[in-house]
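Dear colleague,

I am writing to hand over the structure that follows, together with an account of what was found in it. Please read the notes beside the coordinates.

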Amino acid sequence: MRNSEIAAILEEVADLLELKGVAFKPNAYRKAARNIREMKQELETYRKKEDLRAIPGVGEAIAKKVEEILDTGSLRYLDELKEELPAGLLQLMEVPDIGPKTAMRLYKELRITNLHELKAAATSHQIRDLKGFGDKSEERVLQGIALLERRSGRMLLGYAYPIAERLRTHVQGAARLKLISLGGSLRRMKETIGDIDLLAGSDDAGRVMDAFASYQDVEEVLERGPTKSVVRLKDGTQVDLRVVKEVEYGAALQYFTGNKEHNVELRSMANDKGMKLNEYGLFRKDNNQVVAREREEDIYRELGLRIMPPELRENRGEIQASIKGLLPKLVEMEDVKGDFHVHSLASDGAATIEEIAYAAKRKGYEYVGITDHSQSLGVANGLSVERLRGNMDIARNIMERVDGVKVLIGAEVEILEDGGLDYPDKVLKELDYVIGAVHSKFKMSEAEMTNRLLAAFSNEHMTILAHPTGRVLEQRGPYLFDKERVFQAAKEGGICLELNAYVERLDLSDLDCIKAKELGARVAIGTDAHSLSQLDYMLYGVATARRGWLEPKDVLNCLPLSELVDILSR
Ligand SMILES: [Zn+2]
Ligand SMILES: [Zn+2]
């Protein structure tokens with residue numbers, strides 16, 4: 001390991017300590033890092049002859065850590081620090097100009113915990129109003145984010161979808177169009193998106209292109225042709241619009257929705273029937289006569305299939321299911337009767353319980369679950385038993401004033417290292433339900449993590465396992481555990497697996513939903529909303545559930561309140 005790499009690790013420790021608001025220590029780490037970086041000799045060699053403690057700025061504590069880095073190539077202390085803070089907060093610091101102090105201010109003053117939220121805040125001009133910021137710094141933040149996004153090349157569904165939907169609505173109105181849709185992976189509601197694609201059907205392409213270019217957030221028209229235009233929006237997002245003839249709209253929509261493997265399968269079915277399928281239509285091979293092209297469902301029908309929702313078109317058995325008439329009747333937004341995972345002002349949310357109750361009522365929900373963090377999650381202002389009981393009183397009070405919606409009092413309780421839960425049983429018993437969550441020690445071995453989760457399941461108050469794999473999209477992979485065993489145990493214990501709909505999580509993933517269903521475990525969708533607007537994340541939870549073939553009977557949120565009570569109390 002080179003000195004510069006060792007220094008970088010110490011500097012990261014300094015950043016994180018600073019982010020946590022620790023005094024003095026960050027400077028000590030920085031100073032040691034600087035001196036190590038400037039040494040002429042590699043530390044490996046130096047250490048054989050001299051004591052590391054002889055390096056200026058390297059005292060006992062730091063010397064031990066440097067030795068660990070030299071011996072193992074990594075530093076446990078750094079891993080632990082990382083686990084304590086929201087993963088997204090670290091990513092904020094990858095934006096040029098954002099150091100730990102700024103990141104912490106954004107977190108504390110605007111409740112920004114990740115890039116997605118930072119971008120939203122910058123786009124809606126909340127950053128420029130912060131003390132010490134201005135138009136210029138806000139612009140630099142946006143440029144920095146665009147830079148990072150280009151690096152990974154994937155956008156989160158929850159970020160791309162509203163942008164695309166607003167633009168689609170604009171073009172539809174401005175060009176008075178009937179036929180316009182999102183395309184590609186976005187129409188299939190995949191968790192991350194490569195490009196935003198729109199598809200329109202019109203015999204007056206020029207008018208559609210004009211409408212597209214006139215959108216208020218377009219910064220630059222990058223390309224304009226007779227059938228395709230590309231624009232860049234003010235936030236750096238690129239959007240493609242394709243315009244096809246009205247009669248070819250169905251074929252084009254089918255083709256551009258994909259996915260590729262699904263389309264390959266359809267083309268081969270067409271071929272077997274003496275037909276050929278492309279973006280212009282379904283044609284007879286012998287005389288090129290059009291068989292179908294105006295509507296998507298006509299194409300599927302002529303191939304002997306029932307049309308399936310775009311979310312299923314991944315060539316994961318949907319074509320076989322369609323042939324046999326066994327397509328699932330997927331869960332829909334209208335089936336959702338409530339949200340199980342919402343944070344209030346009491347922990348790290350931005351709204352009061354009363355505001356949440358009214359927002360849930362406006363959504364037409366029958367119930368909403370308040371689930372603030374438990375005592376040992378200090379970074380998220382977890383609730384002591386006393387504060388939790390105070391929250392219960394507030395909620396009961398509100399229930400007397402707000403009718404038409406039931407406020408369930410739950411908690412997002414830490415699953416501790418040994419699988420114990422972070423409140424005593426007698427407190428858990430007072431709650432309507434308990435979401436158990438792993439927020440620490442992600443790096444346990446597979447066997448340890450499996451045992452930890454199974455031990456948590458053995459607590460009779462545990463109702464839902466929060467974000468079961470712990471992944472954070474584009475930031476952190478899942479932790480290791482025996483999924484089959486844990487899902488199986490969930491089914492046997494009557495514990496629901498959460499589909500956390502927070503845009504950065506979508507955990508369970510679509511494939512995990514399929515597995516949960518296979519093993520018979522029920523799924524509970526929770527938005528993990530930290531503000532009222534995030535209650536809208538339910539859409540992405542439902543979309544992911546649909547991609548995972550879930551039907552209303554597989555999803556806890558589809559139960560009316562009357563049937564819910566028994567299940568929650570197990
Ligand atoms: Zn959580
Ligand atoms: Zn949460």
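In which hand of crossing does H22 pass H23? The crossing of H22 past H23 is right-handed. Please bear in mind throughout that this is a predicted model.

Helix packing

Two packed helices are described by the angle between their axes and the distance between the axes.

For helix H22 (residues 510–519) and helix H23 (residues 538–547), the packing angle is about 60° and the axes are 7 Å apart. With that angle, H22 is oblique to H23.

H22 also packs against helix H21 (residues 483–493), at an angle of about 50° and with the axes 9 Å apart. H21 and H22 are therefore oblique to each other. Here too a hand can be assigned: H21 passes H22 in a right-handed crossing.

The remaining pair is formed by helix H1 (residues 3–19) and helix H4 (residues 60–72), whose axes are 11 Å apart and meet at an angle of about 125°. That angle makes H1 oblique to H4. The crossing of H1 past H4 is right-handed.

The cavity

How many cavities of 30 Å³ or more are counted? The count comes to one. The space in the largest cavity is about 40 Å³. Its lining consists of Met 189, Lys 190, Glu 191, Leu 506, Asp 510, Thr 544 and Arg 547. Sorted by class, the lining of the largest cavity holds four charged residues, two nonpolar and one polar. Domain 2 (156–244) and domain 4 (333–569) each supply at least three residues to this lining.

Elements giving two or more residues to its lining are H1, helix H5 (76–84) and helix H6 (87–92). The lining comprises 20 residues, and those nearest the centre of the pocket are Lys 82, Ala 87, Leu 90, Gln 475 and Arg 476. By class, the lining of the second largest pocket divides into eight charged, seven nonpolar and five polar residues.

Backbone features

Most residues other than glycine have a negative phi, and most peptide bonds are trans.

Gly 258 and Asn 259 are joined by a cis peptide bond, with omega about 0°. Asn 259 is placed in the loop between helix H13 (249–257) and helix H14 (260–272).

A cis peptide bond also joins Asp 507 and Leu 508, with omega about 15°. Leu 508 belongs to the loop between strand E16 (496–500) and H22.

Finally, Asn 288 is not a glycine, yet its phi is positive, at about 65°. Asn 288 sits in the loop between strand E9 (281–284) and strand E10 (290–292).

With kind regards

Conventions
Residues are numbered from 1 along each chain as its sequence is written. Chains are lettered from A and ligands numbered from 1 in the order in which they are written. This is a predicted model: local features need pLDDT of at least 70, side-chain atom pairs count only at pLDDT 80 or more; totals for chains, interfaces and linings use all residues. Side-chain values use heavy atoms; hydrogens and water are left out. On a 1 Å grid over the protein atoms alone, a cavity is a set of points where a 1.4 Å probe fits but cannot get out, and a pocket is an open set with protein on both sides within 12 Å along at least five of seven lines; lining residues have an atom within 4 Å of a point. Grid points are joined across faces, edges and corners, and a volume is the space filled by probe spheres set on the points. Ala, Val, Leu, Ile, Met, Phe, Trp, Tyr, Cys and Pro count as nonpolar, Asp, Glu, Lys and Arg as charged, and the others, Gly among them, as polar. Domain bounds come from an automatic or database domain assignment. Axes are lines fitted to C-alpha atoms, for helices over the stretch in contact, and angles run from 0 to 180 degrees between N-to-C directions. Helices (H or I, at least four residues) and strands (E, at least two) are DSSP runs, numbered from the N terminus. Angles under 35 degrees count as roughly parallel, over 145 as roughly antiparallel, 65 to 115 as roughly perpendicular and the rest as oblique. A crossing is left-handed if the near helix is turned anticlockwise from the far one by less than a right angle, and right-handed if clockwise.
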